[in-house]
Amino acid sequence: TRGDPLVCCGGKGANQAVACARLVDDTLEIAFYGRVGSDTAGEVLVKELQRANVDISGVRRVAGGSGQGFVLLEDGGTVLSVVNKGANHGWDLQSCDDAWAAEVVQNARVVLLQREVPERINEVVARAAQKAGAIVVQDCGGEEREMSDEHLARCTYVAPNVSELARLTGRDLDRKDASDADVDAACHVLIARGATKVLATLGSRGCRLVSKDGVVVGDACTSIKAVDETAAGDAFRAAFAVALAEGLDERTALRHAAAAGAAAVTKEGAQPSLPSREERDALLPSLPDVPRGGGKRKWWSLRGGDACPWKFASRLNSMKDRRDLAEGFSDDPLGWVRRQGTIDGLDLVDFNFPEHLGDLNVEDVRAALDEASLKCGAVCLRYPASKFRRGSLTHPDESVRREAIKLTIDACVWAQALGASEVVVWSAWDGYDYSLQCDYDQLWSRLVAGFQQVCDAAPDVKVSLEFKPTDENTRFFAVPSTGGS
């Protein structure tokens, strides 16, 4: 021990209410519903809530002592805590019915719940909030207990820290080698049970907002020195809830949450450490403009919430050279798609044809893309050397040229079936190695005639020519002369 113990107001629900009140703008009001004891501590708790301008009409004093938390502070700001629930379980569950909950959430934009109160209270309030169209944020901190699938499904965001996530899912996330992928997998356990989005906080590693559409990675603020982590999670989730209530997008809300959580660890105590709006804003410049990742369909947003004009794609063919990276997935094109679906920020995947798609059916490929939250960016044509080594669209045998044209049209059909708008043609065999060995006019005429048939057959597909200036065999592909190239 060092010095005298610090005694201050706390409790997860009260912390979050005070944090919201300090962070919110003048247009919104914060209301707190809870139970405090008939002791002096209960009186002090109520006064602190009033001093923070929190509506306490939902606070009741019950016989007995107020809840207490005993926090052991270690070097570096990490904490261990023991909680005496006290009045937190002094709720009259019979009177806290659907009608009561409907009145509680009336006109609420965001309802922030935590688990230091009976589970029935959270369940009945979440049910009413969902019916009312309010955002429900369930902080998983508090008493260790089961959470029903029905309740998970009613929450807009389920928000555990990494230890709480481990307990809820039975996953070992406290080991030193636990990775972000392990965290994401645990989040998907809750999603499979009905959760829509899981916001997992990882301390100095930031946070991960996981949904079926992908992952948004929120960075931690590294410009501060941690003194005491008490109530940092409460500040984080309060700031996230406030930002959503103010109409901000969730990526901006994550930045606000990270800044508020970081500000809280710079001071000792629970409620004394909760930041003001100005203290939160002072740390925003030290964070990235937007969190990274964000699902395969919505990867990024610019400052101000504009949609990013770019999509990020990967060539599936890259998987064949590093098949060790596909460990845990089947070593085939569909397994590679599922592996690429675990990459943060990836929107699209490009297939080679017929190499990747020739033995598959469209339904299986679509299912793999949907499972990975990816879309097809393009179909990239690769004429097999076994048949087209002497040329594809320029082959001296007209029957082989017809096969090449049909193969190209088949690639366009695949592109349309997978929702891609482009076929990329790499003609490894239609160029020439030596500038005096070919009839330029003849090559040019065959190429033009071949592409005319392809484009007439698939007018809605963009056919692009992959130009490789360092590849001898395709350097002069689809140009009328050496001079033109």
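The model is a predicted one, in which local features need pLDDT of at least 70 and side-chain atom pairs count only at pLDDT 80 or more, while totals for chains, interfaces and linings use all residues. Residues are numbered from 1 along each chain as its sequence is written, and side-chain values use heavy atoms, with hydrogens and water left out.

**Entry 1: helices 14 and 15**

I started with helix 14 (residues 398–417) and helix 15 (residues 440–457), which pack at an angle of about 35 degrees with their axes 9 Å apart. Helices here are DSSP runs of H or I with at least four residues, and strands are E runs of at least two, numbered from the N terminus. The axes are lines fitted to C-alpha atoms, for helices over the stretch in contact, and the angles run from 0 to 180 degrees between N-to-C directions.

**Entry 2: helices 8 and 9**

I next turned to helix 8 (residues 232–245) and helix 9 (residues 250–264), whose axes come within 7 Å and cross at roughly 150 degrees. Helix 8 and helix 9 are therefore roughly antiparallel to each other (over 145 degrees; under 35 is roughly parallel, 65 to 115 roughly perpendicular and the rest oblique). Their crossing is right-handed. From helix 8 the contact draws on Ala232, Ala235, Phe236, Ala239, Phe240, Ala243 and Leu244, and from helix 9 on residues including Glu250, Leu254, His256, Gly261 and Ala264. I listed this contact of helix 8 with helix 9 as 13 nonpolar, 2 polar and 1 charged residues.

**Entry 3: helices 11 and 12**

For helix 11 (residues 333–340) and helix 12 (residues 362–372) I read a packing angle of about 20 degrees, with the axes 8 Å apart. That makes helix 11 roughly parallel to helix 12, and the crossing of these two helices is right-handed. Leu334, Val337 and Arg338 of helix 11 make the contact with Asp364, Val365, Ala368, Leu369, Glu371 and Ala372 of helix 12. The contact of helix 11 with helix 12 has 6 nonpolar residues, no polar ones and 3 charged ones.

**Entry 4: backbone in two loops**

I also looked at the backbone, keeping in mind that most residues other than glycine have a negative phi, and most peptide bonds are trans. The peptide bond from phenylalanine 353 to proline 354 is cis, with omega near 5 degrees, and I placed proline 354 in the loop between strand 13 (348–353) and helix 12. Asparagine 53, a residue other than glycine, has a positive phi, near 70 degrees, and I found asparagine 53 in the loop between helix 2 (40–51) and strand 2.

Methods
A crossing is left-handed if the near helix is turned anticlockwise from the far one by less than a right angle, and right-handed if clockwise. Contact means heavy atoms within 4.5 Å. Ala, Val, Leu, Ile, Met, Phe, Trp, Tyr, Cys and Pro count as nonpolar, Asp, Glu, Lys and Arg as charged, and the others, Gly among them, as polar.
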